[in-house]
Structure formats: structure tokens, C-alpha cells
Amino acid sequence: MRISVALTAILTNLFLGNVCSAINVTVTPSPFSVVAEGENITLSCQVSQRRRSTSLPVVRWMFQPESGGEELLVARVNMRRAKFYGNYTKSFCKPKIKLTVVKQGKIYNLLIMNISTQDRGLYSCRVQEFKKHHERWKASTNSSASTQLRGLSICCCEKGWKSMGHCSKNATKNAPQI
């Protein structure tokens with residue numbers, strides 16, 4: 001009887017252990033953020049439940065424009081902690097995006113500066129975990145999470161200024177100069 005209980009425990013750990021220890025990725029703020037044009041926002045990617053402390057994550061921030069089109073690489077951190085910026089980031093004439101590793105293997109922040117309409121869309125953090133096996137690195141698990149970046153529009157309406165669909169009679173004092 002003792003052998004069957006021990007064997008069951010070992011087999012359960014072998015088969016279900018990988019499911020329970022799957023890498024978990026969380027992006028905040030989520031599921032979406034509303035940001036006014038010209039403002040900055042920091043998106044945070046938190047990685048938890050890594051399978052082994054000896055494994056190394058590769059983190060990629062991807063962007064899918066609201067207008068459609070192909071998904072673009074924003075930035076990436078490789079296993080050696082080197083940061084790379086993708087074509088989307090390099091398309092701006094001055095720095096617009098900054099990737100910061102807050103805590104190696106756990107928290108990766110993406111600062112998007114001077115938000116414009118072209119920054120609206122889906123930002124995804126994709127994490128792939130690598131482990132060393134017979135002197136070679138092999139992918140073991142992966143996971144991803146996303147957030148939608150939406151714009152805040154301010155426009156004129158009959159009663160004054162409106163933001164997100166609400167008119168305000170006395171908002172003209174704080175209204176932007178046109």
C-alpha cells in the first residue's frame with residue numbers, strides 16, 4: 001500500500017508538476033489604459049512561477065496597431081540581459097520608448113513617451129524560458145499577456161468641452177488652447 005501511494009505521488013508530481021509550475025506573465029495596467037496624447041505611460045510585465053532558478057527568460061514587447069497591419073517588435077531582453085529595440089521603436093526620429101529591467105527575471109517595464117494616435121493598439125509581453133540541457137540552451141516554456149492602449153480625445157461640444165463623451169459647462173477654463 002505504501003509503495004502505491006508513493007508511486008502515485010511521484011507520478012502526479014511528474015505529470016502535473018509541469019502544469020502547476022508553468023510560467024505566468026501579467027501586464028499592468030490591464031486590460032486597457034486610456035492615455036491623453038502627449039502623456040507618458042509605463043507598461044509593466046511581471047514574470048512569476050519560473051520553473052527553475054537556473055533557467056533564463058527572453059522577454060519581448062510586441063505591438064499590434066489599432067489600425068491593423070502586422071505585429072511589430074518594440075523591444076527585447078535576451079538571456080544575457082542585453083536590450084534590443086525593434087523596427088517599430090527605431091522608426092521614430094527621437095527616443096520614444098525605453099525598456100527597463102526593474103528586477104532581472106521578474107519585472108520588465110516599457111515606458112512609452114509622448115503618446116500619439118499611432119501608439120494606440122495592443123501591447124503584448126511575451127516571455128520564453130530557456131534552460132541549459134547538455135551544454136545547449138533549449139526553450140522550455142512560454143507565456144504572454146497583453147494590454148490595449150486607447151487614446152483620450154478632447155473636443156468641443158455645445159455646452160463646452162468634452163472628454164470621453166461627457167460635456168462640461170464650466171470646463172472651458174481648463175480647455176486646451178486651439
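**Reading the rings and strands**

Guide: Gladly! This is a predicted model, and its count of aromatic pairs comes to 1. That pair is formed by phenylalanine 63 and tyrosine 123.

Visitor: How is a pair of rings described?

Guide: A pair of aromatic rings is described by two things, the distance of the centres and the angle of the planes. Here, phenylalanine 63 and tyrosine 123 lie 4.6 Å centre to centre, with 35° between the planes, and the pair is tilted.

Visitor: Where in the chain do phenylalanine 63 and tyrosine 123 lie?

Guide: Phenylalanine 63 is in strand β4 (residues 56-65) and tyrosine 123 in strand β9 (residues 121-133). The two are 60 residues apart, so the pair links distant parts of the chain.

Visitor: Is tyrosine 123 buried or exposed, and what about phenylalanine 63?

Guide: Buried means under 20% relative accessible area. Phenylalanine 63 has a relative accessible area of 1%, so it counts as buried. Tyrosine 123 is buried as well, at 0% relative accessibility. For the protein of 178 residues, buried residues make up 31%.

Visitor: Which residues have the most contacts inside the largest nonpolar core?

Guide: They are Trp61, Leu110 and Tyr123, in a core of 27 residues. Among the elements that give two or more residues to this core are β4, β5 (72-77), β8 (107-112) and β9. The element that gives the most is β3, with 4 residues.

Visitor: How do I follow the strands around phenylalanine 63?

Guide: Look for bridge partners. Phenylalanine 63 has leucine 72 in β5 as its bridge partner. Over 5 bridges, β4 and β5 pair in the antiparallel sense. These two strands form a hairpin with 6 residues between them, and glycine 68 in the turn has a positive phi of about 100°.

Visitor: Which strand does β5 join through 3 bridges?

Guide: That is strand β6 (residues 83-85), which runs antiparallel to β5. Valine 77 stands opposite lysine 83 in β6.

Visitor: And which charged residues lie over rings?

Guide: There are two cases to look up. The charged end of lysine 96 sits over the ring of phenylalanine 92, 5.3 Å from the ring centre. Arginine 150 lies over the face of phenylalanine 32, at 3.9 Å from the centre of that ring.

Visitor: What does the overall picture look like?

Guide: The protein has 13 strands and 2 helices. Among contacts between residues at least 6 apart in sequence, 53% join residues at least 24 apart.

How values were computed:
Residues numbered from 1 in each chain as written. Predicted model: local features only at pLDDT ≥ 70, side-chain atom pairs only at ≥ 80, totals over all residues. Heavy atoms only, no water. Phe/Tyr/Trp six-rings, centres within 6.5 Å; stacked < 30°, edge-to-face > 60°. Buried < 20%, exposed > 50% of the residue type's maximum accessible area, 1.4 Å probe, protein only. Lys NZ or Arg CZ within 6 Å of the ring centre and 35° of its normal. Contact = heavy atoms within 4.5 Å. Core = buried A, V, L, I, M, F, W, Y, C linked by side-chain atoms within 4.5 Å. Pairing = 2+ DSSP bridges.
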